[in-house]
Amino acid sequence: MSELQRFLFDGLPVRGAIVRLTDAWTEVLRRRAANTETGAYPVPVAQLLGEMLAASVLMHTHVKFDGTLILQMAGDGPVRLAVAQVDAGLRLRATASLSGVVPAGADLAMLVNPGGKGRCAITLDPQTRQQGQQPYQGIVGLTGDDGAPFHTLAAGLQHYMQRSEQLATTLVLAADESVAAGLLVQRMPLSGAGNLGGSAQDAAQSYERIATLAASLSRQELLELQPSAVLHRLFWQERLMGFAPLSGDQGPRFTCTCSRERVAGMLRSLGQEEVQGLLRERGEAEVACEYCGQQYRFDAVDVRQIFTEPGSQPPVPPHMQ
Ligand SMILES: [Zn+2]
């Protein structure tokens, strides 16, 4: 079962989280494989998408935020778009759209950024957005300070967190066809560290020691071992304090938030002419959710309704009401 566990080190300004997605991840892959138009994800794409999901869960854990975290890549290579989403209740979903041939063994740079125009962003979309409020967005660079492209997602996100939050971070990510997993270890913000006593130098040394242990975790170990076994193997000499693991309906799980109403809204934004065109061509407008594969069909009567329902017309300006 998929599981997330947060942990702290007694007396040290270091926090962490480990996630292991099994059923939640294979459900994403199974639904894609069942789509006869796309077929299954090529191995390197599945690996990237699984790592994006694991990273999204870990990052959501450490932002105090009631909403959806969206990690998104827009690429100039075979991966045109890849999206991973995790909400505050740890419900998650992911999708990627591809173009052309995916080379075997392709890494992040080859998949998303071969021409140097790839983009990666983290969006925090609040559950209830106040009027006019924009979601927060941070841009994740796909190249390091030396201009060389990052070859792994973990390297890019580590660099981002160091830069944007000024928090030293160590991230290990891995995914295959049955598991997507990640380990994050982070120096805590200074206000928290102040309460724990000890000098800044001690704190830095403690973080370095724990980060070195975390970075020694191999991708294979991360994929094969249960979270408790990973933590024991790495930190058995540390005073580790683990929170209760979250699993089942409290833990990370696949859920799609698509609905017929949302798809209707999308058709509405396409415009009546475009949708009527689809109807003429095929007799009905058929839309499949790219996250879960659910098919939504709209016939001529449905379409007429979409464009006559309240809300389908532009609002009347106040002076004309
Ligand atoms: Zn869906």
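Two strands are taken as paired if DSSP finds at least two bridges between them, and in this predicted model strand β2 (residues 14–21) and β9 meet that condition with 8 bridges, running antiparallel.

Figure 1. The predicted model has a protein chain of 321 residues, of which 35% count as buried. Its secondary structure comes to 11 helices and 14 strands, and the C-alpha trace spans about 70 × 50 × 40 Å along its principal axes. Where contacts join residues at least 6 apart in sequence, 65% of them link residues at least 24 apart. The chain is divided into domain 1 (3–254) and domain 2 (260–320), whose C-alpha centres lie 36 Å apart. To the contact between them, domain 1 contributes 5 residues and domain 2 contributes 4 residues; on the side of domain 1 that touches domain 2 there are 1 nonpolar, 2 polar and 2 charged residues.

Figure 2. Strand β9 (residues 180–187) is mostly covered, with 8 of its 8 residues buried. In a regular strand the side chains alternate between the two faces of the sheet. Here A180, G182, L184 and Q186 point one way from β9, while A181, L183, V185 and R187 point the other way, and all of these residues are buried. Strand β2 (residues 14–21) is joined to β9 by 8 bridges in the antiparallel sense, and within this pairing G16 has V185 as its bridge partner. Strand β8 (residues 169–175) also runs antiparallel to β9, to which 7 bridges join it, and in that pairing L173 stands opposite G182. The strands β8 and β9 form a hairpin, with 4 residues between them.

**Figure 3. The largest nonpolar core and the surroundings of A54.** In soluble globular proteins, nonpolar side chains tend to be buried together. The largest nonpolar core of this model holds 69 residues, and the members that touch the most others are L49, M52, L53, A54 and A55. Helix α2 (residues 43–62) gives the most to this core, supplying 10 residues. When neighbours within four places in sequence are left aside, A54 is in contact with V19, L21, L173, A175, A180, A181 and G182. Apart from this core lies another one, of 6 residues, among them V263, A264, A285 and V303.

Figure 4. Strands β4 and β5 pair in the antiparallel sense over 7 bridges, with Q85 standing opposite R93 in β5. Strand β3 is joined to strand β6 (residues 119–126) by 8 bridges, again in the antiparallel sense, and the bridge partner of I70 in β6 is T123. On its other pairing, β6 runs antiparallel to β7 and is joined to it by 5 bridges, with I122 opposite G138 in β7.

**Figure 5. The loop residue L90 and its positive phi.** L90 is placed in the loop between β4 (79–86) and β5 (91–98). Most residues other than glycine have a negative phi. The phi of L90, by contrast, is near 65°, a positive value in a residue other than glycine. L90 counts as buried because it has 21 C-beta neighbours inside 10 Å, the cut-off for that class being 20 or more.

Figure 6. A300 lies in helix α11 (residues 300–306). With 13 C-beta neighbours inside 10 Å, A300 counts as partly exposed, since a residue is exposed at 12 or fewer such neighbours and buried at 20 or more. The residues A300 and I122 are 178 residues apart along the chain, and their C-alpha atoms are separated by 39 Å.

Definitions and conventions: Residues are numbered from 1 along each chain as its sequence is written. This is a predicted model: local features need pLDDT of at least 70, side-chain atom pairs count only at pLDDT 80 or more; totals for chains, interfaces and linings use all residues. Domain bounds come from an automatic or database domain assignment. Two residues are in contact if their C-beta atoms, placed from the backbone, lie within 7 Å. Ala, Val, Leu, Ile, Met, Phe, Trp, Tyr, Cys and Pro count as nonpolar, Asp, Glu, Lys and Arg as charged, and the others, Gly among them, as polar. Helices (H or I, at least four residues) and strands (E, at least two) are DSSP runs, numbered from the N terminus. A nonpolar core is a set of buried Ala, Val, Leu, Ile, Met, Phe, Trp, Tyr and Cys residues joined through C-beta atoms within 7 Å.
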